[in-house]
Amino acid sequence: MSTLNRVQNLYEHWLKDAAVDESTKAELLSIKDQPKEIEDRFYRDLEFGTGGLRGVIGAGTNRMNIYTVGKATQGLAQFLLKTAGANPSVAIAYDSRRQSPEFALETALVLAGNGIKAYVFESLRPTPELSFAVRYLKASAGVVITASHNPPEYNGYKVYGGDGGQLVPHQAEQVIAEIQKVQSFSAVKKLSRQEAEAAGLLKWIGREIDEPYIAAVTAVSRNRELVKRMSPDFRIIYTPLHGAGNSSVRKALAEIGFEQVKVVPEQEQPDENFSTVKSPNPEEREAFHLAIELAKQSDADIIIGTDPDCDRMGAAVKDQNGEYFVLTGNQSGAIMVDYLLGSLKESGQLPKNGVVIKTIVTSEMGAVIAKHYGIDTLNTLTGFKYIGEKMTEFEASGEHQFLFGYEESYGYLAGNYARDKDAVVASMLICEAAAYYKSKGKTLYDVLQELYRRHGYFLERLESRTLKGKDGLEQIQSIMQDWRSNPPADIHGLKVAKIEDFSQGLYGLPKENVLKYTLEDDSWFCLRPSGTEPKIKVYFGVRGDSFQSASDSISALVQTVMARVDA
């Protein structure tokens, strides 16, 4: 059967299926004269990757809706009934996106239909609190309904294992195998809300998790007394970017003593349209526009922003001219590594077997700083799930004591209470570091320049190309195949010293479609299709003996590599 015939058959099946509600059918009928749109909605099932589902909200097999969520949950339920022992349970959280509460409830009711207890947060919560909740409740798994910082038309479904970490490939493969056995919507077992609550299979949770979560976050603080001393003259501007972070971030900051915290009023409340920003992403300077205006009015010391599900944190600090400078994820990570390890060393609490964990596309600057303190750094594949996996491994073996984990895409974790990046603890730590250095007459920008002078000028860049739909997916695959089959011998006159093809399962890591090239001067670039967006990402890193030399080097590297990617 041709792809077009298969697509049309699926489309018509949804229109005739008694299990599909009338509003969904009406949505599908509205596109009956749009063959390209029908193809995009039905040419494949929305892919359940290692992180779960993520896609545009709408009707169709390649969309986020209660039917794709129900099918995925039925597969998850079957997996848990086989592997989780007696009385499995699942914790569920959601953010401020469209249909997030509906998808969370659908997940809970399908689990209940399979006899699995669901603990559902009564309102939106940060993703890292879900990771904490899984561990705190000793649940068998967790689910978060979120599409992180994707555009408003997206939502997603992330699955966590019993350790509180996102599923890693070998676990996800087992769940996927179970999902594939669910051949029809009628095979999805489901209770009504009333039935689930009456049977004790749907329990609403909130404050009883919030309070121990905040206690666990604030236990990471290194300098509460200093914070309280500096607080009257230390001003913080915070934006939750219409997401789930507002309450938790403010509670954590207040708990360790920060008093002068202003929230950007236009971005304080949840808003499924993220109406004040092009993208609710603290990686982008534009997301800080309103926060910077407010910071200028109040002469703030630091600006922090968190993404919709509050697992990523971005910060802006004053530069040498008094203008607000948005730190990159690599820069914030390096500052926090130095602050945390320096504080532990100063207090005599730096463990000999301590470890920092980062990803292969994260700057080497943090590793160099860690080495300065005598601490090892471990590299993992991209995705915090791999950092979480190592944390659990070290917790069991005692080989290393986890100190800090981070990735260049604004994800950080300190403390062992969770297994995912946490913008709440990152917000607290970077504000604490800023207050500490202010007590010494420095801004975080000053500290960053000192780190560069001491350890080398590390510069990084990320270039992304968005290639949507079926054609875009094929184009991304073609780009990766071209670089894999025809590797360059040199790049702008520098020999390629090392090629790492992570699809071969290097260094005991899972196989992943990632290519990394290291040049003879230790500069590097890495090609990686996004696992959550229709993008190919190209990461770059260099180290120079001055800002200018590093800047020239990375510009030449980016120009040469992207000319081939875009060809």
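**Exercise 1. A cysteine and its accessibility**

Does C526 count as buried or exposed?

Solution. The model is a predicted one. The relative accessibility of C526 is 0%. Since buried means under 20% relative accessible area, C526 counts as buried.

**Exercise 2. Aromatic pairs around F525**

Determine how the ring of F525 is arranged relative to those of W483 and Y517.

Solution. 

Step 1. As background, the structure holds 21 aromatic pairs.

Step 2. For W483 and F525, the ring centres are 5.6 Å apart and the planes stand at 70°. Planes over 60 degrees apart count as edge-to-face, so the pair of W483 and F525 is edge-to-face.

Step 3. Locate the two partners in the fold. W483 belongs to helix α18 (residues 469-485), while F525 belongs to strand β20 (residues 524-529). The pair therefore ties together parts that are 42 residues apart in sequence.

Step 4. For Y517 and F525, the centres are 4.9 Å apart and the planes are at 15°. Planes under 30 degrees apart count as stacked, so the pair of Y517 and F525 is stacked.

Step 5. Check the burial. W483 and F525 are both buried. The relative accessible area of F525 is 0%, and Y517 is buried with a value of 0%.

Step 6. Consider charges over rings. The charged end of R564 sits over the ring of W483, at 4.1 Å from its centre. K516 lies over the face of W524, 4.5 Å from the ring centre.

**Exercise 3. An aromatic cluster**

Which residues form one aromatic cluster together with Y11?

Solution. The cluster that contains Y11 also includes W14, F42, Y67 and F185.

**Exercise 4. The state of C310**

Solution. 

Step 1. A search of the whole structure returns zero disulfides.

Step 2. The cut-off for a disulfide is 2.5 Å between sulfur atoms.

Step 3. C310 is located in the loop between β9 (302-306) and β10 (313-318). Its phi is positive, about 60°, although C310 is not a glycine.

Step 4. With a relative accessible area of 0%, C310 is buried.

Step 5. A second residue can be treated in this way. S148 has a phi near 55°, a positive value in a residue other than glycine. S148 is found in the loop between β4 (141-145) and β5 (154-160), and at 2% relative accessibility it counts as buried.

**Exercise 5. Salt bridges**

How many salt bridges does a search of the whole structure find, and which parts does the pair of D566 and R465 tie together?

Solution. 

Step 1. The search finds 37 salt bridges.

Step 2. D566 and R465 meet through their side chains in a salt bridge of 2.8 Å, N to O. D566 lies in the segment after α19 (547-565) and R465 in strand β16 (residues 457-466), so this pair ties together parts 101 residues apart in sequence.

Step 3. Both partners can be classified by accessibility. D566 is partly exposed, with a relative accessible area of 43%, and R465 is partly exposed, with a value of 24%.

Step 4. K181 and E178 form another salt bridge, 3.2 Å from N to O. K181 is exposed at 51% relative accessible area, whereas E178 is buried at 7%.

Step 5. E450 forms a salt bridge with K442, the closest N and O atoms being 3.3 Å apart. E450 counts as partly exposed at 24% relative accessibility, and K442 counts as partly exposed at 26%.

Step 6. Finally, a network of salt bridges links E27, E37, D40, R41 and R63.

Technical notes
Residues are numbered from 1 along each chain as its sequence is written. This is a predicted model: local features need pLDDT of at least 70, side-chain atom pairs count only at pLDDT 80 or more; totals for chains, interfaces and linings use all residues. Side-chain values use heavy atoms; hydrogens and water are left out. Rings of Phe, Tyr and Trp (its six-membered ring) pair if their centres lie within 6.5 Å; planes under 30 degrees apart count as stacked, over 60 as edge-to-face and the rest as tilted. Helices (H or I, at least four residues) and strands (E, at least two) are DSSP runs, numbered from the N terminus. Buried means under 20% relative accessible area, exposed over 50%, partly exposed in between (1.4 Å probe, protein chains only). A charge sits over a ring if NZ of Lys or CZ of Arg is within 6 Å of the ring centre and within 35 degrees of the ring normal. A salt bridge is a side-chain nitrogen of Lys or Arg within 4 Å of a carboxyl oxygen of Asp or Glu.
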